[in-house]
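Please open the structure in a viewer and follow the stops below in order. Each stop names what to select and then states what is found there.

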Amino acid sequence: MIPPKPAPRPDRVTLWRYLRLFRADILSAQPARLYRAWMAEFRTPFFRSYLCNDPELVDLVLKGRPMDFPKSGRIREGLKPLLGASVFITNGAVWAHQRRIIDPAFEGGRLRESFAAMWEAGRASVDRIRRKAGSEPVEIEEEMSHAAADVIFRTLFSIPIEDTTASAVFSAFRAHQRAAPVVNLGALLPLPDWVPRFHRRETRATAARIRALIAGLTERRAAEIAAGTAPDDLATKIMTTADPETGTPFSTEEMVDQVAIFFLAGHETSAAALGWSLYLLALHPDWQDRAAAEALAVLGEVPDFSVLSRLVVARAVFREAMRLYPPVPMFVRETRMAEIFRGRTLAPGAQVVLSPWHLHRHERLWENPDGFDPARWDTENGRACMRRAYIPFSAGPRVCPGAGFAMAEGPLVLALLLRDFRFEPAGGAPVVPIAQLTVRARDGIRLRVTPRDVTSTAVSGVKQI
Ligand code: HEM
């Protein structure tokens, strides 16, 4: 069974039709030939953009000469009310300074320290779902947003989502998304720079509310650090790290910018990947049984970091879910000078679009590109494509700093859920992927959740592994 893929648009459409389609959903606004092309040029009356699917070009832009392909100013405009000058939108020296402070907090050793908090958030999600499981289908994307937000609050500030400020930030973010549903993707819209971007009053108001709440958390933490009573979590680590080159730590204002992006980039993305993983497992009960048997065999009753390396099936499933439904479907860079790509000249200021969505399903690179097959990672083609054509976290110096964090959180939360529950499709209308802030299901993902029959899973699962 082929998991859902948006219907592409016809090959030729007028610019205005394209803009309308694009506003509705960038995935279905693209023609099918992008799944076979190495590069495609989009001409608008105002500027050109180039989608690059050629692994050599992707490598050049992200790893070869990344400083010659900075983030586009359009992105900054779209996200400024919420993110200020956060590491996600800065370039050059400011960006490098921010990464030198942030990166140590996400290194392997620190992950071990975040693990217990991830475990507690996973267990809390199991308890919430247990209260809802039964005859009524569960809206699984919503549950996973809740769980991923809980992971971020617990690891960053040592507070659960039930904390008053944490839950206020979480609901303010939801209101913000409703007010600015394409906050990120709007920045990709093929409009010239001189078209002013008006942020609706509501968008500005929700952004200000989120930032005020985060400022409260950050100021409180600064006081705890000064008093020597701060917990040893990610916020403390980041706020007490000075840039090794300049000796300066973040100011409180700078820290607010970074916390806003950790929350936004860190919870929407993981939530999307977890939601799709569970949906794909509901469609493929054989893989679900294997992952559940592994969870039952590997997980104990208390957090133990060493289980991570043994969650092999859960990791393969999570990786495959992000191949088919990359949470960040496309991202954009800009040329600083003229470039020659596959014999074509790109003018300075051209938009270079990197599309995990197309690269991950490229028909000339992947075997069975649209099928769900977590076993592919053990094949020669899967291994080669993982190196050349798999970029859910981007790559190079601007790679997602949370990649290792997400690759721990995802398989762990999946395993905790599969140990206790069986997930089945709830029927009804087919699930349609669309790109909102991340790749989501247009009408949500509703699954029937029942307690797992431990005896039969363990027996059949062990046989299959
Ligand atoms: C499944 C989960 C995740 C996915 C798929 C993901 C994906 C990405 C991608 C594709 C980028 C690059 C975007 C671009 O260049 O325009 C990025 C950047 C970023 N991500 Fe993640 N991310 C995930 C989780 C996280 C987590 C958990 C955190 C932090 C707690 C995080 C923090 C960031 C930050 C700060 C950046 C900006 C880095 C920079 O520009 O230097 N992400 N992420």
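The model on display is a predicted one.

**Stop 1**

**Stop 2: the shell around the ligand**

Next, display the residues around the ligand, of which there are 25. Those that come nearest are Trp95, Arg99, Arg333, Arg398 and Cys400. Sorted by class, this shell consists of 16 nonpolar, five polar and four charged residues.

At least two shell residues come from each of α4 (92-102), α10 (252-283), β4 (331-334) and α15 (403-420). The element that gives the most is α10, with four residues.

**Stop 3**

Select Lys71, Val87 and Arg99 in turn, and look for oxygen atoms of the ligand.

- Lys71: an N or O atom of the side chain is 2.9 Å from a ligand oxygen.
- Val87: a polar backbone atom is 3.4 Å from a ligand oxygen.
- Arg99, also among the residues that come nearest to the ligand: an N or O atom of the side chain is 2.8 Å from a ligand oxygen.

**Stop 3: the largest cavity**

Now turn to the space that holds the ligand. How many cavities of 30 Å³ or more are there? The count is two. The ligand sits in the largest cavity, whose volume is about 900 Å³.

Select the lining of this cavity, which comprises 45 residues.

Several elements supply at least two lining residues each: α3 (73-83), α4, α6, α10, α12 (312-324), β4 and α15. Here too α10 gives the most, with nine residues.

**Stop 4: the second largest pocket**

Finally, move to the second largest pocket, which contains about 470 Å³ of space. It is lined by 19 residues, and Arg174, Gln177, Glu268, Gln436 and Arg440 are the closest to its centre. Two or more lining residues come from each of α6 (140-157), α7 (164-179), α10 and β10 (439-441).

Which element provides the largest share of this lining? That element is α7, with five residues. By class, the lining of the pocket has five nonpolar, six polar and eight charged residues.

Technical notes
Residues are numbered from 1 along each chain as its sequence is written. This is a predicted model: local features need pLDDT of at least 70, side-chain atom pairs count only at pLDDT 80 or more; totals for chains, interfaces and linings use all residues. Side-chain values use heavy atoms; hydrogens and water are left out. A residue is near a molecule or strand if one of its heavy atoms lies within 4 Å of it. A polar contact is a pair of N or O atoms within 3.5 Å; within protein, one must be able to donate a hydrogen and the other to accept it, and residues adjacent in sequence count only if both atoms are side-chain atoms. On a 1 Å grid over the protein atoms alone, a cavity is a set of points where a 1.4 Å probe fits but cannot get out, and a pocket is an open set with protein on both sides within 12 Å along at least five of seven lines; lining residues have an atom within 4 Å of a point. A molecule sits in a cavity or pocket if more than half of its atoms lie within 2 Å of its grid points. Ala, Val, Leu, Ile, Met, Phe, Trp, Tyr, Cys and Pro count as nonpolar, Asp, Glu, Lys and Arg as charged, and the others, Gly among them, as polar. Grid points are joined across faces, edges and corners, and a volume is the space filled by probe spheres set on the points.
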